[in-house]
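My notes follow in the order in which I looked.

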Amino acid sequence: MKYEMRLSGSGGQGLVLAGRILAEAAALYDELNATQSQSYGPEARGGASRSDVIISDQDIEFPKTGKLDLLLAFTKDAADSYVEDLAEGGMLIIDEDVVTEPPAGDFRLVKVPFQRLGREKFDRPVVANIIACGVIACLCGHISTEGVRAATLSRVPRGTEDINLSALELGLDVGRDLTSGD
Amino acid sequence: LDHFDRLLERAEELGSWRRRYLYNLERGLPDLIVRLEERGKVEEVHLWSPSSAVPGEMETILSLGKNREQRLSDLGCYFALQILQQNLGSLALLRFQVRTSKDRHPAFHRFLRGSGDAFESLVAAYVGRVLQLFLGEDERPEFVLCAVGTKYHQDDVDIGVIDDGSESRINLHRAIGRLSGEMLRRASEAHLYISEHVGSDLYCASIPEYHELLDRQIQDFVVISEMLAARPLTGSARLFQEFRTRITSRYLYDPRGGNRYHEGYLRGMLGEIRSLALRPVSRTGIHLKNDGLRLVQSLVFALRTVEGISEADLLRSIDMLAEVRPELRDLLAELKQTLVFLETFRLLYQLLVGEQEDVPLLGAEDVASLRPIALSMGYPDAGPVSAEQSVLVHWLEQVEHARDIADRLMPVLVEHLSSISGVLRRLRPREQETTPRANLALELVDVLRFQHGTRYWDDFLLALESDEGELLRRFVEDRQALPREQRDQVLREVTIWCHGSFLSAARLLMTAKKHGRRIGAPRLFDDLATMLLSSLEGKPDERRRLATVFRQYPQLVSPFVLALRNEHIQRLEEVLVGETILDSLAPWRDRLLFLAGLSRRASRYFKRYLVRVTERLPIVATYLEEPEELHMLAKGLLADAELAEDVGERDRLLGEFYDIEFLRGGLLTMSGAPHDEIGAAFMRFTDQFVEGLFDVAKQEIEWQEGEHRDLRDLLAIYTTGGHARGQAYDDDYDLLVLLDSSDPEDLVYSNWLIARLNRKLVKRGLIPHHRCTDWTGRFVATFQELQARLGEDDADSFIDKCQLLGARRVVGTRPFEGRLDRHILEPLIYRRSRHFLGAVGEEVRSRRLDRKPSEAGAVNIKEDPGGLREIEMVALAIKSVLGLRETSAMQTLEYARVPWIAARREVDTLAEIMGFLNHARAAYRLTVAASDIVELDQLEEAGRIVGLGKHAGGRLAVRLKQQMSRATHAVDGVLARLAAADPRKDIVPSHPPIGPAPG
């Protein structure tokens with residue numbers, strides 16, 4: 001098994017943190033192999049943000065992603081820029097309030113209003129990244145609920161554990177609903 | 001395990017990162033302790049305190065496990081114990097030191113150095129051993145693993161790998177892959193960015209592979225900065241030395257010459273420094289790295305290459321710099337202090353709160369999360385100001401300070417760049433250096449390719465801007481001399497370069513604009529603009545960069561945008577609309593978008609003011625949506641003018657005041673503000689302007705010519721026509737200058753004064769018209785001359801009466817006005833109102849008969865039947881009959897409807913139509929042309945301004961015709977009623993503006 005995903009959007013949306021949580025959940029708590037890499041150099045200066053995570057039950061030869069199994073896009077630009085990297089039959093998860101005209105293609109399109117959920121349920125749109133961790137953990141099928149909970153706790157800022165765990169649970173619920181609809 | 005419970009308790013204060021280490025300890029520590037006890041080695045390792053002999057103790061740990069998995073687990077547990085206890089110890093020491101010394105900074109410095117060195121030693125020992133476990137007995141190349149990031153941050157470890165490129169490298173590659181997975185699981189995550197950029201898809205890259213990537217192009221200066229910061233963690237010291245000698249040393253300045261790579265890196269870093277210094281701090285949080293720290297780091301990176309310093313540690317580098325550049329010692333000390341503060345804050349945030357760089361500050365609880373950092377840094381609560389608030393304020397001050405230091409250190413770097421620049425030498429050769437000289441366009445291609453990605457080109461741009469564009473001419477000519485394919489190639493490279501730096505692109509384009517005609521390339525600006533704008537893809541990053549450059553350099557971006565053709569502006573607008581990246585830049589993007597839209601919609605007439613104001617006060621380009629801010633600036637300019645001692649300065653400031661107020665009025669009109677308010681504002685500021693200019697003219701004559709005559713009560717300036725009526729956007733300025741004196745010297749002096757005033761008005765684009773020059777041959781008319789003139793009953797005299805009746809005093813006194821009223825207005829116009837009314841009626845009739853109809857597709861909004869001229873004449877007739885002393889035609893109609901109930905309906909109709917026509921006229925002048933002939937197919941923008949919504953242009957055209965037709969009937973109706981009215985019976989004389997009883 002090898003599962004490749006990209007979390008993309010802009011700086012300040014916590015996508016690098018989300019990538020680290022997912023990679024740590026897989027590597028530390030679920031005893032898989034994982035790598036996480038992120039936008040770097042001039043790319044990172046541009047304000048766009050990208051976090052690539054590879055999960056595998058084998059050794060991972062190189063941290064560069066090939067065709068993606070899952071792409072999370074928090075901005076329209078990210079969706080448009082990276083959709084071509086998505087494997088046939090892969091999954092494009094978008095923030096439906098931001099990416100109002102999602103690209104079309106041979107992939108599963110999942111729409112979740114991440115930032116709206118963050119704002120409405122927690123009065124903090126910044127927890128959208130953690131909601132996304134919950135959704136992705138459910139939908140990718142390789143990360144355990146316990147693993148992603150523990151990784152979230154070990155990565156979010158001190159004092160925000162409760163709100164972030166609640167956001168994660170919300171994401172897991174959304175993910176379960178989406179999975180049960182399959 | 002009591003020790004472990006105690007560790008758990010102590011670690012409670014640490015940030016969330018502690019959990020993954022504690023998780024590993026809970027799983028592996030009991031087995032490790034059993035193994036140590038079984039081997040009798042418990043006393044040989046520090047489990048419950050930080051160790052100063054980590055490598056040796058790791059060897060002991062390694063000797064315990066029976067298999068690789070046990071050894072990895074044991075090493076991971078030891079790493080976890082050490083990192084937790086090292087940090088707990090460092091924190092305790094820091095808190096002690098900040099509380100026991102007067103100056104906190106030495107404590108911060110010791111804390112950083114202590115924890116950084118300890119962490120890096122721990123990582124080096126761990127990485128070497130884990131890698132060895134994965135390599136086992138496999139054949140391996142010669143290699144070295146280097147730390148390339150900062151050692152002051154512990155959530156990840158940036159690693160670069162150099163090998164000899166031999167076949168066995170695949171074994172090393174696999175081992176590093178496993179090492180990376182193991183570090184993610186049990187230590188700090190490894191990032192191998194350099195590996196992702198250099199060589200093939202392997203974690204390791206050989207020196208020839210570095211050469212292959214870096215010889216032809218400067219590439220990514222971030223990779224180079226990391227390489228320059230490399231220090232070996234494990235592996236071959238020889239290979240590391242070779243890497244430094246062959247690869248990284250060429251980025252250091254060499255006084256013997258050959259500084260091509262150093263120059264490229266420096267250009268990259270200067271661009272990076274400028275870009276970081278321009279980055280606004282977010283409104284909703286702070287960024288621990290990008291707001292200030294990266295800027296300071298970049299300054300040190302750049303400076304140490306200038307001085308050839310290969311030391312990787314930044315703090316030590318600053319000390320070394322201070323030794324070799326004693327003149328910069330104070331500045332470097334500030335730099336170091338800022339670096340230490342920002343690094344300390346960042347490390348403490350990571351140790352005590354969280355690991356992300358983006359720190360949201362949305363509410364009080366977010367600020368409160370900084371409390372452990374503040375207390376650790378020794379900040380006390382001070383009355384109502386909490387320690388965390390203080391440390392946050394101090395952090396922001398340090399960020400500002402970092403930018404200030406960058407401003408002061410940039411010239412040092414730029415001066416060095418100029419002294420070594422091979423780029424400049426190649427692109428600006430002296431004639432005698434190259435015979436025959438090289439083709440500059442091809443030279444440019446070569447330079448740009450090598451320097452790809454670098455963004456500092458100020459020196460080259462300055463050379464292009466100087467010498468009347470001579471260098472630019474040579475580039476253009478040399479490009480023209482090339483075959484088509486090469487010409488296109490040049491254009492492609494320039495496009496890539498422009499796209500890489502909008503700041504440089506804007507400067508290049510404005511140079512082309514300035515010198516294009518002179519160098520025989522009048523289309524150069526346009527061609528370059530087409531090229532630049534078609535290279536934009538409308539990405540958020542482009543929006544961010546454009547907004548950033550606009551925010552910091554409105555003086556450059558604003559003229560660039562205002563010089564673009566409308567098709568280009570539309571493209572720019574398309575690019576600007578969409579997601580933005582930094583919330584704090586969104587308003588700047590919006591302001592730039594507004595400027596672009598305004599430039600596209602504005603008529604030449606209005607744009608002239610926009611260009612003039614933004615040239616003089618570039619900041620205005622960023623306030624266009626904030627009329628109150630503009631008003632504030634205008635008031636400041638007027639105050640400055642009033643206080644200015646130098647008349648020239650006063651003259652200039654008054655002009656700027658006028659321009660900015662004109663611009664503000666235009667912007668208000670375009671945003672749909674009520675036209676009568678704008679008309680009133682125009683009257684106010686134009687009067688202030690003319691009054692001020694009159695004073696300046698007087699002073700000039702007095703100071704320069706030594707002439708002075710006190711004509712305070714004898715001379716008055718009246719504005720007539722549109723400016724008198726509060727009709728905005730008139731470009732001619734009708735004046736009636738009256739002198740109540742028959743002294744010939746007064747006459748000469750006042751004429752001299754007005755001639756000077758005229759010159760000043762013309763400079764502002766206001767064309768003065770002096771009606772009295774036709775019959776006096778001067779700018780000034782005396783009372784006697786005016787009396788004689790108005791005593792006539794011919795057509796010319798009628799026009800003068802109209803002018804006088806609609807005149808408004810701008811300069812002069814109330815007693816003067818009283819005399820004018822008593823001796824001229826009252827006897828010659830008001831008492832003869834019936835006669836005047838008849839003349840108005842005759843004028844209307846004859847104009848309708850004589851006037852050629854406007855061409856199809858156009859109306860003359862002023863002169864056509866039912867146009868503004870007729871309505872104004874009716875207003876004058878009403879004024880004379882009712883004895884009103886009011887200059888505004890609109891106000892006259894408003895006053896008339898109260899006492900004159902019988903005519904109210906028609907008067908209301910005229911007032912409504914006049915308001916509409918004036919509004920439409922203003923909108924047309926601002927968006928199409930300063931003409932009264934309105935082209936009916938050009939009304940889309942004007943229609944929108946007057947609030948006609950969809951299909952605004954067509955609707956406005958129809959409405960203009962309808963309203964002017966309605967106006968002709970209302971004009972006829974009011975004139976007939978006036979002719980038939982007996983003012984003593986029909987009109988209630990109750991209104992204050994009514995003067996002496998009508999005759």
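I began with A:Arg124, which forms a salt bridge with B:Asp366; the closest N and O atoms are 2.8 Å apart. The model is predicted, and I read the distance as a computed value. I then looked up where the two residues sit. A:Arg124 is in the loop between helix H4 (114–122) and helix H5 (128–140) of chain A, while B:Asp366 is in helix H15 (residues 364–368) of chain B, so this pair joins two chains. Are the two partners buried or exposed? I found A:Arg124 buried, and B:Asp366 is buried as well.

Next I ran the search over the whole structure, and it returned 115 salt bridges over all chains.

I took B:Glu343 and B:Arg346 next. Their closest N and O atoms are 3.9 Å apart, and the pair is listed as a salt bridge; the cut-off is 4 Å. Why are they about one helical turn apart? Both lie in helix H14 (residues 329–352) of chain B and are three residues apart, which accounts for the separation of about one turn. I noted B:Glu343 as buried and B:Arg346 as buried too.

I then checked B:Arg571 and B:Glu574, whose side chains form a salt bridge at 3.2 Å, N to O. These residues are in helix H27 (residues 566–576) of chain B, and because they are three residues apart, about one helical turn separates them. I have B:Arg571 down as partly exposed, because its relative accessibility is 25%; buried would need under 20%.

I also followed a network of salt bridges. It links A:Arg20, A:Glu24 and A:Arg155 with B:Arg20, B:Asp155, B:Asp156, B:Glu189 and B:Glu355.

How many of its six residues are buried? I count five, and the strand is mostly covered.

I looked up what E4(A) pairs with. Strand E1 (residues 2–10) of chain A runs parallel to E4(A), joined to it by four bridges. In one of these, A:Met5 has A:Leu70 of E4(A) as its bridge partner. Strand E5 (residues 86–95) of chain A is also parallel to E4(A), with five bridges between them. Here A:Leu71 is partnered by A:Leu92 in E5(A). Last, I traced the chain from E4(A) through helix H3 (residues 76–82) of chain A to E5(A), and I logged this β-α-β crossover as right-handed.

Conventions:
Residues numbered from 1 in each chain as written. Chains lettered and ligands numbered in written order. Predicted model: local features only at pLDDT ≥ 70, side-chain atom pairs only at ≥ 80, totals over all residues. Heavy atoms only, no water. Buried < 20%, exposed > 50% of the residue type's maximum accessible area, 1.4 Å probe, protein only. Pairing = 2+ DSSP bridges. Right-handed = clockwise from strand over helix to strand, strands pointing away.
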